Amino acid sequence: MFSALVKKETKEHIFSRKGIGFLFVVSLLMSILSFSFISVKELSLLDQPTVVMTMLKLLLGINILISMVIGSTMIAGEKEKGTLESLLLTPLTKRNIILAKLSAILIFWLIVTLVSLPYLFVLAYQANLFPTILLYLYGIGTVLIISFSSIALILSTILVSTKNAMILAIMSFLITAIPMFLSTTMKKSGLAKVISENSPVSASMKAMKDIFINKLASSQVLIELIPVFIFFLLTLFIALLIAKKVDFLRGE
């Protein structure tokens, strides 16, 4: 029954017109950026680690946003369409329903990364960075996707409107990503400093730089990634805990 729900969610959200549209957008952006690195003189002068980091940041950022858009519609969408009752009447527990929907998002992430790997392989070939790219993408990248998708599912469970869930989900990501758009001086004080020191996005970007540019030891990188792992455990725990809120509409 669990696998049947995963297939249903995958078909509905991934292999639908919307899902294919998302895949097309990601492929188009990767193609444009890859072409720019080759054809634009200024960009072609960049070293390969910097090029790879730029591609990974684009890939992660876009896919986190897409995953949150998909996740925010999964439960609230069932409420709006009136199909939640039939889902709750299946033998699946509420936690398994959440996990099945999260699994569908991970399938989308897997498909997107498979589409993106040829671009990354070509851009990183001479520097022999491809194994490191795979490790970062399927290690840290997957953890971030699960974390932010869990937030989207939490909001989708609590709220009835997919629109409200989607807006709040995207806002939550943008808040954690604020330090990426601030100068070093601004990140040293106030709220920006607090967010920068605790944001999983900031920690993952710093780890990326230390892996591809500074070549730090694995032990040092893992220490930097502590906020990412804490965020992952916290969001997944809350998503599974709040699964009990997935209930018949009259019980909400």
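**View 1. Helices H8 and H13 pack at an angle of about 35 degrees.** H8 covers residues 130-158, H13 covers residues 226-241, and their axes sit 8 Å apart. This is a predicted model, where local features need pLDDT of at least 70, side-chain atom pairs count only at pLDDT 80 or more, and totals for chains, interfaces and linings use all residues. Residues are numbered from 1 along each chain as its sequence is written, and side-chain values use heavy atoms, with hydrogens and water left out. Axes here are lines fitted to C-alpha atoms, for helices over the stretch in contact, with angles running from 0 to 180 degrees between N-to-C directions. H8 and H13 make a left-handed crossing (the near helix is turned anticlockwise from the far one by less than a right angle; clockwise would be right-handed).

**View 2. A look at the side chains between H8 and H13.** On the H8 side you'll find Val143, Leu144, Ile146, Ser147, Phe148, Ser150, Ile151 and Ile154. They meet Val228, Phe231, Phe232, Thr235, Leu236, Ile238 and Ala239 of H13 (contact means heavy atoms within 4.5 Å). Sorted by class, that makes 12 nonpolar, 3 polar and no charged residues (Ala, Val, Leu, Ile, Met, Phe, Trp, Tyr, Cys and Pro count as nonpolar, Asp, Glu, Lys and Arg as charged, and the others, Gly among them, as polar).

**View 3. Serine 204 sits in helix H11 (residues 200-212).** This serine 204 is buried, at a relative accessible area of 0% (buried means under 20%, exposed over 50%, partly exposed in between, with a 1.4 Å probe and protein chains only). Setting aside neighbours within four places in sequence, serine 204 touches Tyr136, Ile140, Leu144, Leu225 and Val228. Leu144 and Val228 also turn up in the contact of H8 with H13.

**View 4. H2 (residues 17-39) and H4 (residues 48-74) cross at roughly 165 degrees.** H2 passes H4 in a right-handed crossing. H2 brings Lys18, Phe22, Val26, Leu29, Met30, Leu33, Ser34 and Phe37 to the contact, among them one serine. H4's residues include Val51, Met55, Leu58, Ile62, Asn63 and Thr73.

**View 5. The whole protein has 13 helices and 0 strands.** Helices (H or I, at least four residues) and strands (E, at least two) are DSSP runs, numbered from the N terminus. Buried residues make up 46% of the 252.
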